Each structure stands twice: as C-alpha cells, then as structure tokens.
Amino acid sequence: MNEDITFTSDADKSIRYAEIIPQIKHLISGETNLIANLSNITAVLKSVFNFYWVGFYLVDGTQLVLGPFQGTLACTRIPKGRGVCGVSWEKKETLIVPDVLKFAGHIACSSLSKSEIVVPMIQNDDVIGVLDVDSEHLATFDTTDAKYLKEIVDIIISNK
Ligand code: SME
C-alpha cells in the first residue's frame with residue numbers, strides 16, 4: 001500500500017499532474033474494487049490541487065448516481081442529458097465550462113461553484129460514469145486538465 005503521494009506543491013499544474021499519474025497507477029494497481037480506487041483518487045486530486053469539489057458519478061440505469069467525492073454535499077442523482085455531467089455522458093465528451101451560469105441546464109449543487117470540467121469514463125464504448133471537478137473561481141480548467149484527467153480516467157478503466 002502506498003501511503004504518501006509526493007508532488008511539487010508550487011509547480012505548474014501540468015508538472016503536478018505528470019508527477020501524480022504514475023503514483024495513481026501504482027496506488028490502484030493492487031486493488032480491483034472500483035469504489036475503493038475512486039475514493040483514493042479523489043483524495044489524491046483534492047490534496048494535490050485543492051479542488052473545491054472533485055468526485056465521480058456512476059451510471060445507474062438512466063441516471064448518474066453520486067460516487068466517491070471530496071468536497072461539499074452534492075446532488076445524488078443526475079438524469080442523462082441534464083447538467084454538465086449528464087450532457088458529458090450523453091455526448092461522450094469532456095466538457096470544460098468556464099462559467100457555469102452560462103451553461104444552459106447546469107445543476108448547481110453549490111452556489112459557490114463557478115467553473116467545472118467533466119470527463120466521461122468510457123469502457124467498450126459505454127459511459128460507466130463521469131469524473132467531475134468544480135472550482136469556486138471562473139475559468140479554472142483548460143485543455144491541460146482535460147488531457148491529464150482523461151489519462152487518470154483511462155488508468156481507472158484499464159485497471160478494472
Ligand atoms: N454541476 C454538475 C452537478 C454536479 S455537482 O457540480 C457536484 C452538473 O451540472 O452536472
């Protein structure tokens with residue numbers, strides 16, 4: 001079991017992502033339980049980036065249901081095609097939302113959340129869930145986050 005994640009706290013986010021990705025791989029490599037692995041990954045992302053909210057929603061029939069997360073209380077169920085998460089699921093695409101108030105249908109779990117990124121978890125062409133990260137600042141996320149968060153999602157899928 002890996003006890004500590006090491007990273008350069010004052011480094012650019014791309015460096016921090018590159019530092020933690022091999023450690024995430026190692027962290028989940030000895031465990032096949034999805035919930036356990038998602039739980040530890042949210043803890044890593046929270047500690048390295050201090051995201052306002054970071055967590056997973058998992059597909060449950062026609063809805064997403066709240067999974068492991070770090071942050072404030074969240075909505076438990078999101079229908080397919082609703083909110084940033086539900087649209088990311090429907091389109092099978094990563095969505096970067098610089099201002100959530102400008103995203104039609106955004107679901108405000110917290111009024112403090114101002115920008116968001118959602119990455120779908122795709123296994124054999126099916127979405128099994130999404131990784132959702134929220135920020136209390138506008139325009140926090142960019143293609144760097146999209147690239148590395150997708151790498152993390154791909155590691156999760158290939159470890160299943
Ligand atoms: N804002 C999301 C809902 C989930 S919370 O942000 C944790 C959405 O619009 O899908």
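**Sheet, helix and core in a predicted model**

Strands β1 and β2 pair in the antiparallel sense over six bridges. Two strands count as paired if DSSP finds at least two bridges between them. Helices (H or I, at least four residues) and strands (E, at least two) are DSSP runs, numbered from the N terminus. The model is predicted: local features need pLDDT of at least 70, side-chain atom pairs count only at pLDDT 80 or more, and totals for chains, interfaces and linings use all residues. Residues are numbered from 1 along each chain as its sequence is written, and side-chain values use heavy atoms, with hydrogens and water left out.

In β2, V65 is the bridge partner of L58. The hairpin of β1 and β2 has two residues between the strands, and G61 takes a positive phi near 70° there. β1 also pairs with β6, again in the antiparallel sense and over six bridges. Across this pairing, F56 stands opposite L131, and Y57 stands opposite V130. In a regular strand the side chains alternate between the two faces of the sheet. β1 is mostly covered, with six of its eight residues buried. Buried means under 20% relative accessible area, exposed means over 50%, and partly exposed lies in between (1.4 Å probe, protein chains only).

These pairings belong to an open sheet of six strands, in the order β3-β2-β1-β6-β5-β4, with antiparallel pairing. Its edge strands are β3 (77-79) and β4, each of which pairs on one side only. Neighbouring strands are turned by 25° against each other on average, direction ignored. Axes are lines fitted to C-alpha atoms, for helices over the stretch in contact, and angles run from 0 to 180 degrees between N-to-C directions.

α2 lies across β1, β2 (63-70) and β5, and runs at about 155° to β1. α4 lies across β1, β4, β5 and β6, and runs at about 30° to β5. Helix α4 covers residues 143-159, 17 residues in total. Its first and last C-alpha atoms are 24 Å apart, close to the 24 Å expected at 1.5 Å a residue. That expected span is 1.5 Å times one less than the number of residues. At the N-terminal end, D142 caps α4: a side-chain oxygen lies 2.9 Å from the backbone nitrogen of T144. The buried residues of α4 include Y148, L149, I152 and V153. The buried residues of this helix pack against α1 (13-29), α2 (34-49), β1 (53-60), β4 (95-97), β5 (115-123) and β6 (126-135).

The largest nonpolar core has 32 residues, and L45, M121 and L149 have the most contacts inside it. Such a core is a set of buried Ala, Val, Leu, Ile, Met, Phe, Trp, Tyr and Cys residues joined through side-chain atoms within 4.5 Å. α4 gives the most to this core, with eight residues. Not counting residues up to four places away in sequence, L149 touches Y17, L45, I117, V119, L131 and V133; contact means heavy atoms within 4.5 Å. A second, separate core of 17 residues includes Y57, V84, V118 and V130.

S135 lies in strand β6. This residue is buried, with a relative accessible area of 4%. The S135 side chain makes a polar contact with the side chain of T140 (2.5 Å). A polar contact is a pair of N or O atoms within 3.5 Å; within protein, one must be able to donate a hydrogen and the other to accept it, and residues adjacent in sequence count only if both atoms are side-chain atoms. A polar atom of the S135 side chain also lies 2.9 Å from the backbone nitrogen of H137.
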